[in-house]
Amino acid sequence: MVLFVNACVRSESRTRELADCLFAVMNQPVTELRLMDCPFPTVDEGFLNKRDALISQGAFDDPIFEYARQFSQADEIVIAAPYWDLSFPAVLKQYIEQINVVGITFRYTKEGIPEGLCRARKLCYITTAGGDYVPEHYGFGYVKALAEGFYGIHDVEMIKAVGLDIEGANAEMIMSACRDDIARRFRKQ
């Protein structure tokens with residue numbers, strides 16, 4: 001199962017457009033999780049106490065762990081998140097707080113090293129940006145560090161189209177080049 005974690009907020013999202021292009025090339029069934037429609041609980045002390053108690057009991061079938069179970073069981077993961085304020089929309093951070101669950105998406109070795117429990121063999125991160133200043137170590141880097149260091153997903157790629165709103169830029173040409181790149185990179189897989 002391909003899990004599509006959709007953090008696109010706008011209805012006419014260019015990031016979503018690139019995700020749709022990827023899915024057309026992949027030609028596989030996709031399960032979409034539209035984060036803007038998810039009623040994430042507030043991660044406060046009460047939430048953490050409940051989650052910690054359930055983890056210590058091994059009660060991983062509790063609904064509180066639904067997103068973590070879905071993430072850990074995906075064969076492939078695609079995250080679409082526009083580049084905002086040197087990162088990604090806050091709803092993606094809320095989602096990450098829900099899926100970081102010891103015993104479902106990762107565990108610690110006796111030496112205290114995180115070990116991934118996710119079965120996904122690949123994670124694709126798709127982003128677009130109006131400007132040209134898009135350091136990879138912010139939004140994408142955070143997700144990549146979690147995927148490789150905690151979830152056990154070592155094939156992590158980024159697809160990006162940037163500079164879309166710079167005065168004089170040909171946004172359609174930039175998007176077209178990115179769509180061509182997607183077709184080239186992912187058709188063989």
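Is Tyr67 buried or exposed? Tyr67 is buried, at a relative accessible area of 13%, where buried means under 20% relative accessible area, exposed over 50% and partly exposed in between (1.4 Å probe, protein chains only). The structure is a predicted model, in which local features need pLDDT of at least 70 and side-chain atom pairs count only at pLDDT 80 or more, while totals for chains, interfaces and linings use all residues. Residues are numbered from 1 along each chain as its sequence is written, and side-chain values use heavy atoms, with hydrogens and water left out.

The chain contains six helices and seven strands, taken as DSSP runs numbered from the N terminus (helices H or I, at least four residues; strands E, at least two). The order of elements from the N terminus is β-α-β-α-α-β-α-β-β-β-α-β-α. The radius of gyration of the chain is 17 Å, close to the 16 Å that the globule rule gives for 189 residues, so the chain is as compact as a globular protein of that length; the radius is taken over C-alpha atoms, and the rule is 2.2 Å times the number of residues to the power 0.38. The C-alpha trace spans about 55 × 35 × 30 Å along its principal axes. Of the 189 residues, 44% count as buried.

Across the whole structure, a search finds 11 aromatic pairs. Rings of Phe, Tyr and Trp (its six-membered ring) pair if their centres lie within 6.5 Å, with planes under 30 degrees apart counted as stacked, over 60 as edge-to-face and the rest as tilted. Tyr67 and Tyr95 form an edge-to-face pair, at 6.2 Å centre to centre and 70° between the planes. Tyr67 belongs to helix H3 and Tyr95 to helix H4, so this pair ties together parts 28 residues apart in sequence. Tyr95 is buried, at 1% relative accessibility. A tilted pair is formed by Phe88 and Tyr142, at 6.0 Å centre to centre and 40° between the planes. Phe88 lies in the loop between E3 and H4 and Tyr142 in helix H5, so the parts tied together are 54 residues apart in sequence. Phe88 is buried at 10% relative accessibility, whereas Tyr142 is partly exposed at 30%. Ring pairs also link Phe40, Tyr67, Phe71, Tyr95 and Tyr151 into a cluster.

Helix H5 comprises residues 139–151. Its buried residues include Phe140, Val143, Leu146 and Tyr151. Among the elements covering the buried residues of H5 are helix H3 (66–73) and helix H4 (90–99). Just after H5, Gly152 takes a positive phi of about 80°.

Definitions and conventions
Expected span 1.5 Å × (residues − 1). Contact = heavy atoms within 4.5 Å.
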